[in-house]
Amino acid sequence: MLARTLLLLLLLLLEATVTELWAQPYPIPPTCYSKVLAMGHEITQSAAQIKTHHDTHRCTAHLPDLYIDVHNACVMSTMSSYLSLLDGLRERRCAYTRSVQRLRAMIRQLYIIMSQKCHGVGLCM
């Protein structure tokens with residue numbers, strides 16, 4: 001009887017602890033996977049914005065739409081190809097704007113994270 005009561009108390013305490021953890025906005029630090037997903041989404045938005053921004057739309061209109069899908073096996077080569085296209089922008093006024101430089105840096109950072117830090121993210125499963 002005492003063992004059953006202790007078990008019941010332990011389960012109630014565990015349930016309360018789990019409920020408290022889930023109620024917090026960020027109970028667990030972001031994982032590598034969630035970081036990669038968030039960065040991929042941010043890069044996709046930034047790439048779309050530079051194609052419509054008034055300072056960069058003339059020189060980036062020829063660039064393909066960029067969609068970073070970290071679950072795609074070709075995402076690493078897609079990022080590498082897009083980086084090459086950004087590096088090849090000829091108009092200095094466009095190539096050195098903050099938005100293009102920021103996009104280039106974000107893509108490089110995501111590439112490094114996926115290739116060196118998060119092994120297995122972005123690979124075919």
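Biologist: How many residues does helix α4 have, and what span does it reach from its first C-alpha to its last?
Modeller: This is a predicted model. Helix α4 covers residues 75-87. At 1.5 Å a residue, 18 Å is expected. The helix comes close to that, with 13 residues and a reach of 18 Å.

Biologist: Within what arc do the buried residues of α4 fall, seen down its axis?
Modeller: The buried residues are Val75, Met76, Met79, Tyr82, Leu83 and Leu86. In an α-helix, residues three or four places apart point the same way, because there are 3.6 residues a turn. Here the buried residues line one face of α4, since they fall within an arc of 130°.

Biologist: Is Arg104 buried or exposed, and what is its relative accessible area?
Modeller: Arg104 belongs to helix α6, residues 98-117. Beyond its neighbours within four places in sequence, Arg104 touches Leu83, Leu86, Asp87 and Ala95. Buried means under 20%. Arg104 is therefore buried, at 8%.

Biologist: Which residues do salt bridges that share partners join into one network?
Modeller: Arg108 forms a salt bridge with Asp87, with the closest N and O atoms 3.3 Å apart. That pair links helix α6, which holds Arg108, to helix α4, which holds Asp87, across 21 residues. Both ends are partly exposed, Arg108 at 38% and Asp87 at 45%. The network is Asp87, Arg104 and Arg108.

Biologist: How many residues apart in sequence are the parts that Arg102 and Glu42 tie together?
Modeller: The structure has four salt bridges, and one of them pairs Arg102 with Glu42 at 2.8 Å between the closest N and O atoms. Arg102 is in helix α6 and Glu42 in helix α2, so the pair ties together parts that lie apart in sequence by 60 residues.

Biologist: What is the hand of the link of Cys59 and Cys94?
Modeller: Both cysteines are buried, Cys59 at 7% and Cys94 at 1%. The angle about the S-S bond is 55°. The link is right-handed.

Biologist: Is Cys74 buried or partly exposed?
Modeller: Buried requires a relative accessible area under 20%, and exposed requires over 50%. Cys74 has 44%, so it falls in between. Cys74 is partly exposed.

Biologist: How far apart in space are Val36 and Val70, C-alpha to C-alpha?
Modeller: Val36 is in helix α2, residues 32-52. Val36 is buried, with 0% relative accessible area. Val70 is 34 residues from Val36 in sequence. In space their separation is 7.3 Å.

Definitions and conventions: Residues are numbered from 1 along each chain as its sequence is written. This is a predicted model: local features need pLDDT of at least 70, side-chain atom pairs count only at pLDDT 80 or more; totals for chains, interfaces and linings use all residues. Side-chain values use heavy atoms; hydrogens and water are left out. A disulfide is a pair of cysteine sulfur atoms within 2.5 Å. Buried means under 20% relative accessible area, exposed over 50%, partly exposed in between (1.4 Å probe, protein chains only). Helices (H or I, at least four residues) and strands (E, at least two) are DSSP runs, numbered from the N terminus. Contact means heavy atoms within 4.5 Å. The expected span of a helix is 1.5 Å times one less than its number of residues. The arc is that of the directions from the helix axis to the C-beta atoms. A salt bridge is a side-chain nitrogen of Lys or Arg within 4 Å of a carboxyl oxygen of Asp or Glu.
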